[in-house]
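Colleague: I would like to go through the labels used for this model and hear what stands behind each one. Please set the values against the cut-offs.

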Amino acid sequence: MDLGLRQSDVAARIGVWTSTVNYWENKHFNPDVQYVPEIVAFLGYDPFGETPAPFPLQLKTARIAAGLTRKHLAAQLRVHPGTVAEWERGETHPLEACKKRLRVSLKRSFGGPS
């Protein structure tokens, strides 16, 4: 991507020294995690991409991020809390109708390996 910016311009936008941008560009160092949000905002996309995760991990992560216990999510989905636990352990998988309700309840789609 060529925006016609100098390293000092990029450094000022991200909040780092110009030499830091130079090190990143020349692969001497990787950005510290604290700068990732600024880098993503500057670039307009996530250069690191999403790591595909199995469905059980995606579900548990989404449930926790939504601030829901298994019991609360189960109530929203009209299933037993033990069923949600089984899904999160990868012992069983939800039927398509439950997956649709999951997407709505957690405001997230699920994909990748199961």
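Modeller: Buried means under 20% relative accessible area, exposed means over 50%, and partly exposed is what lies in between. This is a predicted model, and by these cut-offs Glu88 and Arg63 are both buried.

Colleague: How do you know that Glu88 is buried?

Modeller: The relative accessible area of Glu88 is 9%. The cut-off for buried is under 20%, so Glu88 counts as buried.

Colleague: And what makes Arg63 buried?

Modeller: Arg63 has a relative accessible area of 8%, and the limit is again under 20%. Arg63 is therefore buried.

Colleague: Why is the pair of Glu88 and Arg63 called a salt bridge?

Modeller: The definition asks for a side-chain nitrogen of Lys or Arg within 4 Å of a carboxyl oxygen of Asp or Glu. For Arg63 and Glu88 the N to O distance is 2.5 Å, so the pair meets the definition.

Colleague: What makes Arg70 and Glu88 a salt bridge?

Modeller: Their closest N and O atoms are 2.8 Å apart, and the limit is within 4 Å. This pair also links distant parts of the chain, with Arg70 in helix H5 (residues 70-77) and Glu88 in helix H6, 18 residues apart.

Colleague: Is Arg70 buried or partly exposed?

Modeller: Arg70 is partly exposed, at 30% relative accessibility. Buried would need a value under 20% and exposed one over 50%, so 30% falls in between.

Colleague: How many salt bridges are there in the whole structure?

Modeller: A search finds five. One of them joins Arg103 and Glu96, at 3.3 Å from N to O. Arg103, at 28% relative accessibility, counts as partly exposed, and Glu96, at 45%, is partly exposed as well. Elsewhere, salt bridges with shared partners join Arg63, Arg70 and Glu88 into one network.

Colleague: What else does the side chain of Arg63 meet, and what makes that a polar contact?

Modeller: A polar atom of the Arg63 side chain lies 2.9 Å from the backbone oxygen of Leu68. The cut-off for a polar contact is within 3.5 Å, so the distance qualifies. Leaving aside residues up to four places away in sequence, Arg63 touches Leu68, Thr69, Arg70, Leu73, Glu88 and Leu106.

Colleague: How do you know that the buried residues of H6 line one face of the helix?

Modeller: The buried residues of H6 are Val84, Ala85, Trp87 and Glu88. Seen down the axis of H6, they fall within an arc of 160 degrees, so they line one face. Their cover includes H4, H5 and H7. Just after H6, Gly90 takes a positive phi of about 80 degrees.

Colleague: What makes the phi of Lys27 worth a remark?

Modeller: Most residues other than glycine have a negative phi. Lys27 is not a glycine, yet its phi is positive, about 60 degrees. Lys27 is found in the loop between helix H2 (18-25) and helix H3 (36-43). At 74% relative accessibility against a cut-off of over 50%, Lys27 counts as exposed.

Colleague: Where is Lys107, and why is Lys107 called exposed?

Modeller: Lys107 is in the segment after helix H7 (96-106). Its relative accessible area is 73%, and exposed means over 50%, so Lys107 is exposed. The phi of Lys107 is also positive, near 50 degrees.

Colleague: Why is Phe110 called buried?

Modeller: Phe110 lies in the segment after H7. At 17% relative accessibility, under the 20% limit, Phe110 counts as buried. Its contacts, not counting residues up to four places away in sequence, are Phe55, Gln58, Leu59, Ala62, Leu102 and Arg103. Phe110 and Ala62 are 48 residues apart in sequence and 9.5 Å apart in space, C-alpha to C-alpha.

Colleague: Where in the chain is confidence lowest, and where is it highest?

Modeller: Confidence is lowest in H3, at a mean of 84, and highest in H6, at 96. The chain averages a pLDDT of 87, and 91% of the residues score at least 70.

Notes
Residues numbered from 1 in each chain as written. Heavy atoms only, no water. Buried < 20%, exposed > 50% of the residue type's maximum accessible area, 1.4 Å probe, protein only. Helix = DSSP H or I, 4+ residues; strand = E, 2+ residues; numbered from the N terminus. Polar contact = N/O pair within 3.5 Å; in protein donor to acceptor, adjacent residues only side chain to side chain. Contact = heavy atoms within 4.5 Å. pLDDT = per-residue confidence, 0-100. Arc of directions from axis to C-beta.
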